[in-house]
Amino acid sequence: MREALDYAIDRAQLVAAAYLGQGTPAGPLSPALKDWALPVSAFPCYASDPQQAKALLQHAGVALPLKVTMNVLGSLPQVVDVAQV
């Protein structure tokens, strides 16, 4: 399920929408941690592939459309706004 959601996310589109293109899609560690962070290309499931996501969900027996609830930590309006985008 988690892998399917990874494939479903278009990280470049998300950065463009949420940060007006002023950011870089990142892996588990911030790109600012140059000595430790790996490029996003090192994580195959970070590449957007909706068909792979659907196949993995089907294999897991998850029916589509999938209802998702997102909980956002933080009370600042900007945090909630960015999460909603």
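This is a predicted model: local features need pLDDT of at least 70, side-chain atom pairs count only at pLDDT 80 or more; totals for chains, interfaces and linings use all residues.
Reader: Let's start with the rings. Why is the pair of F43 and Y46 called tilted?

Author: A search of the whole structure turns up one aromatic pair. The ring centres of F43 and Y46 are 5.3 Å apart, and the cut-off for a pair is 6.5 Å. Their planes meet at 35°; under 30 degrees would be stacked and over 60 edge-to-face, so this pair counts as tilted.

Reader: And what makes Y46 buried or exposed?

Author: Its relative accessible area is 17%. Buried means under 20%, so Y46 is buried. F43 comes out at 23%, and that falls between the 20% and 50% limits, so F43 is partly exposed.

Reader: How do you know that R11 lies over the face of Y46?

Author: R11 is 4.0 Å from the ring centre of Y46. The limit is 6 Å, along with an angle within 35 degrees of the ring normal. R11 is listed as lying over the face.

Reader: What makes D6 and R11 a salt bridge?

Author: The closest N and O atoms of D6 and R11 are 3.2 Å apart, and the cut-off is 4 Å, so the two qualify. The structure holds one salt bridge. Side chains of opposite charge can pair when their charged atoms come close.

Reader: Why does R11 count as buried, and what about D6?

Author: R11 has 14% relative accessibility, and the line for buried is drawn at under 20%, so R11 is in. D6 has 21%, so D6 is called partly exposed.

Reader: On to the pockets. What is the lining of the largest pocket like by class?

Author: The lining has nine nonpolar residues, one polar and no charged ones. Among the lining residues are I9, L14, Y19, M70 and Q84.

Reader: Which helix gives the most to the lining of the second largest pocket?

Author: That's α3, with four residues. Both α1 (2-8) and α3 (50-59) supply at least two. The volume here is about 220 Å³.

Reader: How do you know which residue is the charged one in that lining?

Author: The class count gives 10 nonpolar, no polar and one charged. The lining includes K54, and Lys counts as charged, so K54 is the charged residue.

Methods. Residues are numbered from 1 along each chain as its sequence is written. Side-chain values use heavy atoms; hydrogens and water are left out. Rings of Phe, Tyr and Trp (its six-membered ring) pair if their centres lie within 6.5 Å; planes under 30 degrees apart count as stacked, over 60 as edge-to-face and the rest as tilted. Buried means under 20% relative accessible area, exposed over 50%, partly exposed in between (1.4 Å probe, protein chains only). A salt bridge is a side-chain nitrogen of Lys or Arg within 4 Å of a carboxyl oxygen of Asp or Glu. On a 1 Å grid over the protein atoms alone, a cavity is a set of points where a 1.4 Å probe fits but cannot get out, and a pocket is an open set with protein on both sides within 12 Å along at least five of seven lines; lining residues have an atom within 4 Å of a point. Grid points are joined across faces, edges and corners, and a volume is the space filled by probe spheres set on the points.
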